[in-house]
Amino acid sequence: MEQRSQWGSRIGFLLAAIGSAVGLGNIWRFPATAFDNGGGAFFVPYLFALLTAGIPLLIMEYTIGHKYRSSSPRSFSKINKKMEWVGWWQVLISFVISTYYPIIIAWSIMYAYFSIGTKWGDDPTNFFVADFLEVADAGVFGSIVPSVLFPVILVWIFVFFFLGRGVKKGIEFANRIFIPALLVVFIIIVVRALTLPGAIDGLDAFFKPDWSRIADGSVWIAAYGQIFFSLSIAFAIMITYSSYLPKKSDITNNAFITGFANSSFELLAGIGVFAVLGFMAYQTSQPVSEVVADGVGLAFMVFPEIISQMPASSFFGFLFFGSLVLAGLSSMISISETYIAAVQEKFSVSRGKALMLGGGLAALVSLLYATQGGLNLLDTVDYFINNYGVALAGLVEVVAIAWFARALKDLQHHADSISDIKLGVWWRFCLGFLTPIVLGYMMVKNFLNDIN
Ligand code: PFF
Ligand code: NA
């Protein structure tokens, strides 16, 4: 049997885990989610979800990967034969995400290029939809859009290259470059943003707490959803990555570092984005709440408009879209690794074959989004993943491990035997009781609200 691949060092693993965690979720999901769900008051449910669910689940996934040294499906089946499907379900979600993530990275590559000389002109929204994506009434898909197709192919070449070189020489190597670079770019962006006129009004809007929202169940679900998505929990990623850890690894400590690093990037992005939105509000004499946006709209419609009005616009635009590319690629590598590892084990094939099969299929499917109807499709799929997939996947995972397999004690024992920080009953209390009850209750209540 081939020896299982391993990270070259502790920092290599940490950078890869942080690289997976820090992505578009930090840059364009967190700021508006916090704003829409109580602003400064959102930090209460957010921190609660981080400390009682996010980091405890991260510790659990690291422990599972480290203990069973397998991909997610095989790890779950080693805990209990009946649970292999939980792993495959996670892998499937990752697979679906990995078909549209490269599209967004491809757009960002093009927009880094468009930034130079602000090629999107006076009407960036129209430029994005009509000129760049060629969205038109052309049936469901319409024809392939070359200006999207080519950068998508470039992204896949990148992904195949790094994943083909394996865990240490590929994944670890890429993250060793991307993550420090991303941090530097982030800091430049935030400092620049904070020195723009109106920046303070943006921050004011972002941090102003609306305490009346705190009793709202949907705000709590938003907090759990943000934490799970942002930490790449229940996507099979962290189990796969920790299965490459050496025997001697302090996994509990690693989980805390990953969790706090991700939240720091999130806070930094929130500050940067709202400082820029404050500038936009100032320029157009509108309240900040009028210019808030998230996701695709924020990055490809609102931001280009603002960037055009900034001094040294080309430079700022290039850095902003460059940061999306770096953050996106490191997350993309991690999502694709889940199915490569799973296929490799399930069918006893080489890494290369699994990559050709899994990556090849994902690359083919991704071409559907490089069509005139791609934006629409992307919106729909992303909506379902975010609103029905993320929090549910976390709940299913914790119920399977804690209630169905009753494996928490066993996992705690394993984690404690190799970690400096000992877990104690609080960890089992959070995962075995608090998280499933709170999350389950909120989801049912929200669902009932929705159908009424
Ligand atoms: N955690 C990443 C982010 O916050 O952007 C996003 C992500 C990556 C989610 C990979 C899911 C995933 F499988
Ligand atoms: Na994140």
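Mentor: Start with burial: a residue is buried if 20 or more other C-beta atoms lie within 10 Å of its own, exposed if 12 or fewer, and partly exposed in between, with C-beta atoms placed from the backbone. This is a predicted model, where local features need pLDDT of at least 70, side-chain atom pairs count only at pLDDT 80 or more, and totals for chains, interfaces and linings use all residues. Residues are numbered from 1 along each chain as its sequence is written, while chains are lettered from A and ligands numbered from 1 in the order in which they are written.

Trainee: Is S264 buried or partly exposed?
Mentor: S264 is found in helix 12. Helices (H or I, at least four residues) and strands (E, at least two) are DSSP runs, numbered from the N terminus. S264 has 15 C-beta neighbours inside 10 Å, so it counts as partly exposed.

Trainee: How far apart in space are S264 and V22?
Mentor: In sequence, S264 and V22 are 242 residues apart. C-alpha to C-alpha, their separation in space is 9.7 Å.

Trainee: What is the radius of gyration of the protein chain?
Mentor: The radius is taken over C-alpha atoms, and the globule rule is 2.2 Å times the number of residues to the power 0.38. For 452 residues, a compact globule would come near 22 Å. The C-alpha trace spans about 60 × 50 × 45 Å along its principal axes. The protein chain agrees with the globule value, because its radius of gyration is 21 Å.

Trainee: Among contacts between residues at least 6 apart in sequence, what percentage join residues at least 24 apart?
Mentor: Two residues are in contact if their C-beta atoms, placed from the backbone, lie within 7 Å. As for burial, 52% of the 452 residues count as buried. For the contacts you ask about, the share is 86%.

Trainee: How many residues of helix 3 are buried?
Mentor: Helix 3 is mostly covered. Of its 26 residues, the buried ones number 20.

Trainee: What is the phi of R69?
Mentor: R69 follows helix 3, in the loop between helix 3 and helix 4 (72-79). It has 17 other C-beta atoms within 10 Å, so it is partly exposed. Its phi is positive, in a residue other than glycine, and near 45°.

Trainee: And what is the phi of S232?
Mentor: S232 lies in the loop between helix 10 and helix 11 (237-242). With 28 C-beta neighbours inside 10 Å, S232 counts as buried. Its phi is also positive in a residue other than glycine. The value is near 55°.

Trainee: Which helices do the buried residues of helix 1 pack against?
Mentor: Helix 1 has 12 residues that should span 16 Å at 1.5 Å a residue, and its end C-alpha atoms, 17 Å apart, agree. Its buried residues are F13, L15, A16, A17, I18, G19, S20 and A21. They pack against helix 8 (166-194), helix 10, helix 11, helix 12 (251-284) and helix 15.

Trainee: Which residues come nearest to ligand 1?
Mentor: A residue is near a molecule or strand if its C-beta atom, placed from the backbone, lies within 6 Å of it. Helix 1 (10-21), helix 2 (24-36), helix 5 (84-115), helix 10 and helix 15 (313-346) each supply at least two residues of the shell. Of the 16 residues around ligand 1, the nearest are G23, G25, F235, S331 and I335.

Trainee: How many residues of that shell around ligand 1 are charged?
Mentor: Ala, Val, Leu, Ile, Met, Phe, Trp, Tyr, Cys and Pro count as nonpolar, Asp, Glu, Lys and Arg as charged, and the others, Gly among them, as polar. The shell has 7 nonpolar and 9 polar residues. As for charged residues, there are none.

Trainee: Leaving aside neighbours within four places in sequence, which residues is T33 in contact with?
Mentor: T33 lies in helix 2. It counts as buried because it has 22 C-beta neighbours inside 10 Å. Its contacts beyond those neighbours are A222 and Q226.

Notes:
Expected span 1.5 Å × (residues − 1).
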